[in-house]
Structure formats: C-alpha cells, structure tokens
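Dear colleague,

Please find below the structure for your review. The findings follow directly after it, beginning with a term that the description relies on.

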Amino acid sequence: MSTPVPVLMYHAVAREPNAATRGLSVAPEAFAEQMAVLHEMGFRPVTTAELANRWRATTGPPLPANSVLITFDDGYEGVHRHALPVLARYGFPATLFVSTGWIRGAHDTGGGLDTMLDWDQVRELTAGGVEIGGHSHTHPQLDQLDDGTLWSELIRCKEIVAGELGTVPASFAYPYGYSSRRVRERVREAGFTQALAVGNALARRGQGPYALRRLTVRRSTSLDEFERLVRGRAIARNFAGDRVLTKGYAVVRRARQICRKAIATRV
C-alpha cells in the first residue's frame with residue numbers, strides 16, 4: 001500500500017499581487033516560512049515526474065513516507081524572484097506548470113494575469129532543479145473545448161516547452177483543475193505521462209497517473225493550517241467551502257456541454 005502524498009499547489013508568490021491573483025498568491029515571507037516547516041518536519045520534496053515514476057514502477061524502492069510535492073501553476077515572475085532562492089536554500093526540487101501563451105516572449109498571447117516569467121527565467125528555474133510541465137497554451141477550461149481546439153492547446157504547449165528548453169515536458173496540470181475522461185485521454189495521447197488536478201485532497205496511487213489530487217495554498221493559509229495540510233489532517237473541513245462551489249460549478253459546466261452538443265447536432 002502506497003503512502004498518500006501532499007501535493008502543494010501554489011500560484012503567484014508576490015508582496016503586492018494584483019486583484020486577479022491575490023487570493024491564490026502567497027507572500028514571499030509566508031512561502032519561506034512554509035518551506036522552513038517542511039524542512040523542520042523532515043519532508044522530502046520530489047518532482048511530479050519522480051512521484052509518478054516511482055508509483056508506476058513495479059520494482060525498486062517505494063517513495064519515502066515523508067514525500068511532498070511543491071508545484072506552481074501558470075508561470076508568475078515571483079516564482080523566480082522569490083521562490084527559487086528559498087528552494088535553493090533547502091535543496092528542494094519543485095514542478096512549475098507553464099501556460100506557454102502567458103510566458104513573456106515570442107509566444108506570448110497577452111493573457112497573463114500579472115507579471116509573468118520570461119523564457120530565460122524558466123531556463124534558470126530548470127537549472128535550479130525545477131521540473132517544467134505543461135499547463136496548456138492559453139489556460140482555458142479544457143473540458144469545454146471541442147476536440148480540435150483541445151488538441152491544439154495541448155500540442156502547442158508541449159512543442160513550445162520542448163523548443164524553448166530542449167526537453168519534452170512529461171507532466172501536465174489541468175487549468176482550473178478541470179478535466180474529463182476525454183481530456184485525460186487527450187493529455188495521454190499528447191505524450192504527457194502524468195497529470196495533476198486539484199481536488200484538495202492527498203494524492204494517492206489509486207487515483208491513477210492522470211488525476212492526482214493537490215492541496216491549494218492561498219494567501220489566507222495560516223502556518224498552523226499549512227502544517228495540518230501537509231500532515232493530512234482536517235483537509236475535508238478546511239476545504240468544505242471549495243467542494244460546495246466545485247460541485248455547483250460542475251453542474252453548470254455539464255449543462256454547457258449538453259447545450260453545445262445539442263446545437264452542434266442541429267447544425
């Protein structure tokens with residue numbers, strides 16, 4: 001039986017985030033305190049690829065019982081400015097999932113919500129032990145896209161990361177955490193070997209490599225709350241409000257899908 005693993009989901013790390021990113025940001029000082037807690041508690045951070053590979057393997061040593069994943073979504077500049085030095089201090093690896101159309105440079109679509117990384121900074125993160133994964137090209141709700149647009153989002157993201165870094169990304173994270181069986185199948189067909197959702201629960205081997213759960217770390221997450229999350233305590237109570245909203249919005253998204261299919265059939 002594999003031990004459940006806390007997978008921490010961060011977004012922006014910033015002192016003065018804008019209104020669009022503030023709720024899902026953390027202050028640099030808070031991030032440093034949280035990493036110090038992981039160090040003091042004896043946690044061993046791994047990358048997404050390492051977790052999936054160890055859980056996929058039928059031989060070899062299991063993951064240590066104190067494993068943890070540190071992940072960042074979207075590609076905000078503060079991950080380089082504020083998070084990377086802290087990760088380097090403790091020798092912690094992490095995974096950054098980039099929306100390639102939000103990264104400053106030749107592929108920028110202008111959709112980034114705040115100051116974003118540029119590709120030189122992404123390369124410096126890679127050199128610092130950060131795995132770079134895909135997070136689509138323009139950060140849409142993937143389960144709401146038609147097959148052609150969905151495939152374009154996945155392949156364009158993969159090809160841009162490979163072209164900029166010289167390494168094909170193996171891991172993926174669903175924008176907004178939304179997926180479906182169809183989306184997960186396309187992610188696998190696009191060549192990603194594992195993918196992360198949200199779910200606000202511990203990751204378990206039985207979830208399968210394309211639906212691993214994560215825990216949201218917010219600006220409002222206190223240090224005591226953070227300690228409980230990584231210990232796997234009181235998670236259901238902590239994210240009760242999120243689950244109500246998630247269930248409600250799932251109904252809305254399913255209704256939208258049904259409407260689109262009905263319109264397409266009539267056409």
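Two strands are said to pair if DSSP finds at least two bridges between them. Helices (H or I, at least four residues) and strands (E, at least two) are DSSP runs, numbered from the N terminus. The model is predicted, so local features need pLDDT of at least 70 and side-chain atom pairs count only at pLDDT 80 or more, while totals for chains, interfaces and linings use all residues. Residues are numbered from 1 along each chain as its sequence is written, and side-chain values use heavy atoms, with hydrogens and water left out.

The protein contains 9 helices and 8 strands. Of its 267 residues, 49% count as buried, where buried means under 20% relative accessible area, exposed over 50%, and partly exposed in between (1.4 Å probe, protein chains only). Among contacts with a separation of 6 or more, 67% are between residues 24 or more positions apart; a contact means heavy atoms within 4.5 Å.

Strand 3 (residues 67-74) pairs with strand 4 in the parallel sense over 4 bridges. In this pairing, aspartate 74 stands opposite valine 98 of strand 4. Strand 3, helix 3 (residues 78-90) and strand 4 form a right-handed β-α-β unit. A crossover is right-handed if, with the strands pointing away from the viewer, the path from the first strand over the helix to the second runs clockwise.

Strand 4 (residues 94-98) also runs parallel to strand 5, to which 5 bridges join it. The chain passes from strand 4 through helix 4 (residues 119-127) to strand 5, again as a right-handed β-α-β crossover. Threonine 95 has glutamate 131 of strand 5 as its bridge partner, and valine 98 stands opposite glycine 134 of strand 5.

Strand 4 is largely enclosed by the rest of the structure, because 5 of its 5 residues are buried. Ala94, Leu96 and Val98 are buried on one side, and Thr95 and Phe97 on the other. Strand 5 (residues 130-134) is mostly covered, with 5 of 5 residues buried. On one side of strand 5 lie Val130, Ile132 and Gly134, on the other Glu131 and Gly133, and all are buried.

Serine 67

Serine 67 belongs to strand 3 and is buried, with a relative accessible area of 1%. Leaving aside residues up to four places away in sequence, serine 67 touches Val5, Pro6, Phe43, Arg44 and Val46. Proline 4 is 63 residues from serine 67 in sequence, with a C-alpha to C-alpha distance of 8.8 Å.

Helices 4 and 5

Two packed helices are described by the angle between their axes and the distance between the axes. The axes of helix 4 and helix 5 (residues 147-165) come within 10 Å and cross at roughly 75°. Axes are lines fitted to C-alpha atoms, for helices over the stretch in contact, and angles run from 0 to 180 degrees between N-to-C directions. Helix 4 is therefore roughly perpendicular to helix 5 (angles under 35 degrees count as roughly parallel, over 145 as roughly antiparallel, 65 to 115 as roughly perpendicular and the rest as oblique). Trp119, Val122, Arg123 and Thr126 of helix 4 make the contact with Ile160, Val161, Glu164 and Leu165 of helix 5.

Yours sincerely
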